[in-house]
Amino acid sequence: MVTPAADCLFCKILAGEIPSIAVYENDVVYCFRDIAPAAPSHVLVIPRSHIENAHHVTVADAETLAAMFGAAQEVARLEGIEPEDRGYRLVMNVGKDAQNSVPHLHLHVLGGRHLEWPPG
Ligand code: AMP
């Protein structure tokens with residue numbers, strides 16, 4: 001059982017206190033649809049353990065990170081955006097210049113349309 005962080009939106013989603021649309025989950029991660037999708041497929045992959053953002057990740061989180069990338073691959077399969085056919089973008093915003101709005105580590109899985117580069 002993971003201890004949720006006080007006043008963390010994504011910890012509340014993990015606890016079922018705030019509704020979400022699940023796409024995939026396992027013991028380590030939960031994947032759900034972004035409430036304001038920026039692409040036809042926009043899924044957030046979050047660890048069940050509270051880590052503030054990528055700048056707080058340490059070597060002790062190696063298994064959690066591997067599980068997040070494995071889940072992103074599964075999400076891409078479920079969404080029909082695997083790289084052999086379509087492709088997708090993985091994004092982690094860190095801090096205010098990157099417009100990181102929720103301080104609980106998350107990977108955005110974006111796909112289903114052509115994605116411009118560089119981002120704005
Ligand atoms: P970031 O800006 O990188 O911190 O990403 C946070 C993401 O969480 C944004 O894309 C928001 O649209 C999304 N978000 C905020 N609240 C919710 C919610 N209740 N359910 C699903 N996604 C949310």
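## Helix H2

The expected span of a helix is taken here as 1.5 Å times one less than its number of residues, where helices (H or I, at least four residues) and strands (E, at least two) are DSSP runs numbered from the N terminus. Gly80, which has a positive phi near 70°, follows H2.

The model is a predicted one, in which local features need pLDDT of at least 70 and side-chain atom pairs count only at pLDDT 80 or more, while totals for chains, interfaces and linings use all residues. Residues are numbered from 1 along each chain as its sequence is written, and side-chain values use heavy atoms, with hydrogens and water left out.

## The buried side of H2

Thr64, Ala67, Met68, Ala71, Ala72, Val75 and Ala76 are the buried residues of H2, where buried means under 20% relative accessible area, exposed over 50% and partly exposed in between (1.4 Å probe, protein chains only). An α-helix has 3.6 residues a turn, so residues three or four places apart point the same way. The cover over the buried residues of H2 includes strands E1 (22-25), E2 (29-33), E3 (41-47), E4 (88-91) and E5 (107-111).

## Nonpolar cores

A nonpolar core is a set of buried Ala, Val, Leu, Ile, Met, Phe, Trp, Tyr and Cys residues joined through side-chain atoms within 4.5 Å. The largest has 16 residues, and those with the most contacts inside it are Val29, Cys31, Val43, Val45, Met68, Val75 and Val109. Two or more residues are given to this core by each of E2, E3, H2 and E5, and its largest share, 6 residues, comes from H2.

Leaving aside residues up to four places away in sequence, Val29 is in contact (heavy atoms within 4.5 Å) with Val45, Ile46, Pro47, Arg48, Ala67, Met68 and Ala71. A second, separate core has 9 residues, among them Phe10, Tyr30, Leu44 and Val102.

## Aromatic pairs

Rings of Phe, Tyr and Trp (its six-membered ring) pair if their centres lie within 6.5 Å, with planes under 30 degrees apart counted as stacked, over 60 as edge-to-face and the rest as tilted; this rule gives 2 aromatic pairs. The rings of Phe10 and Phe32 have centres 5.4 Å apart and planes at 85°, so this pair is edge-to-face. Because Phe10 lies in helix H1 (residues 9-14) and Phe32 in strand E2, the pair ties together parts that are 22 residues apart in sequence.

Phe10 is buried at a relative accessible area of 5%, and Phe32 is buried at 3%. For Tyr30 and Phe32, the ring centres are 5.4 Å apart with planes at 15°, so that pair is stacked. Phe10, Tyr30 and Phe32 form one aromatic cluster.
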